[in-house]
Amino acid sequence: MARYWALLFLLVPILGTALFVVAADEMSWPLLNHWFPRDVSEYGYVIDNLFMVILWLTGVVFLGTELALAWFMWKYEASVNNEPAKFTHGSHNLEVIWTVIPAATLLFIAIYQLNAWADTKVRQPENPGATVEVVGRQFEWRLRYPGPDGRFDTPDDLFSVNELHVPVNEDILVHLKSADVLHDFFLPNLRVKQDAVPGMKINVWFRATEQGAFDLVCAELCGWGHYKMKGLLRVESREDYQAYLKKLATEQHLAALPVGDDES
Ligand SMILES: [Cu+2]
């Protein structure tokens, strides 16, 4: 009777695995497709591959430990097991084994992901097609383009809020800042996620391979209005991008006051 507990705990690995399979299988279960959003970036597959490698590693360990737990609960259930408990003082060999295996696994992941890290965090594009400054503040994204002269902090800088336009198939360089607290610049479809830290300018880059409108969200719980810190990434042709900048320039030069003048 009491062995039902072992069966109950056995449901954890079974249901856990089933949920992952269902969530990943968008063909059979389109409504339950909670896996990754569509990847529209040059390096997205690198991040996804790394994620899958780590998921398989941790998945196997998860199944192993959960199955062992259920098995021990079944085998050593007190009401059906009359043998007295045996106490030991541990095993030196076991300690060595379960220290060395995780250490080796972590070392493997560290080496395996070196290229992904380099591509997304170290090898900054030398001649980006567009540069934009993104400032997170409670609770919006403030955007600034350098304008025709290609330089920031000049009178022709262009400003907008929450709607980031970038040209397709070009390297985009983002100068990421925060005006108040920690925010997190997250472009799920481009697999780009970077904290915005007060007092720092952090460079982020990506290359979108498809035109369209995608989410730009804050992935850091940054205050009461965090939920509404939602912007839009519009990936468009170079012509449309230029036209957008021109429109911003016209609007801002018509305005009596500089639009979106940044306090940061
Ligand atoms: Cu935020």
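Leu 176 has Ile 202 as its bridge partner in strand β8. Leu 176 also stands opposite Val 134, with Leu 176 lying in β5. Both pairings come from a predicted model.

**Strand β5 and its partners**
- Strand β8 covers residues 202-207.
- β5 and β8 pair in the antiparallel sense. Six bridges hold this pairing.
- On β5 there is also a pairing with β1, and here the strands run parallel.
- Seven bridges join β1 to β5, which spans residues 171-178.
- One of the residue pairs between them is Thr 131 with Leu 173, the latter in β5.

- Strand β1 runs over residues 130-137.
- Is β1 mostly covered or mostly open? It is mostly covered, with six of its eight residues buried.
- β1 is joined to strand β2, residues 140-145, by five bridges. These two strands run antiparallel.
- Together β1 and β2 form a hairpin. Two residues sit between the strands.
- Val 134 has Leu 143 as its bridge partner in β2.
- Val 134 therefore faces two strands in the lists above: its partner in β2 is Leu 143, and it stands opposite Leu 176 in β5.

**The nonpolar core**
- The largest nonpolar core has 27 residues.
- Which residues touch the most other members? They are Val 134, Val 166, Leu 187 and Leu 233.
- Nonpolar side chains tend to be buried together in soluble globular proteins.

**The two domains**
- The protein is divided into domain 1 and domain 2.
- Domain 1 is made of two stretches, 4-80 and 91-121. Domain 2 covers 128-254.
- How far apart are the C-alpha centres of the two domains? They lie 34 Å apart.
- The domains do touch: 10 residues of domain 1 are in contact with 10 residues of domain 2.
- On the domain 1 side of this contact, four residues are nonpolar and four are charged.

Methods: Residues numbered from 1 in each chain as written. Predicted model: local features only at pLDDT ≥ 70, side-chain atom pairs only at ≥ 80, totals over all residues. Buried ≥ 20, exposed ≤ 12 C-beta atoms within 10 Å, placed from the backbone. Helix = DSSP H or I, 4+ residues; strand = E, 2+ residues; numbered from the N terminus. Core = buried A, V, L, I, M, F, W, Y, C linked by C-beta atoms within 7 Å. Domains from an automatic or database assignment. Contact = placed C-beta atoms within 7 Å. Nonpolar A, V, L, I, M, F, W, Y, C, P; charged D, E, K, R; others polar.
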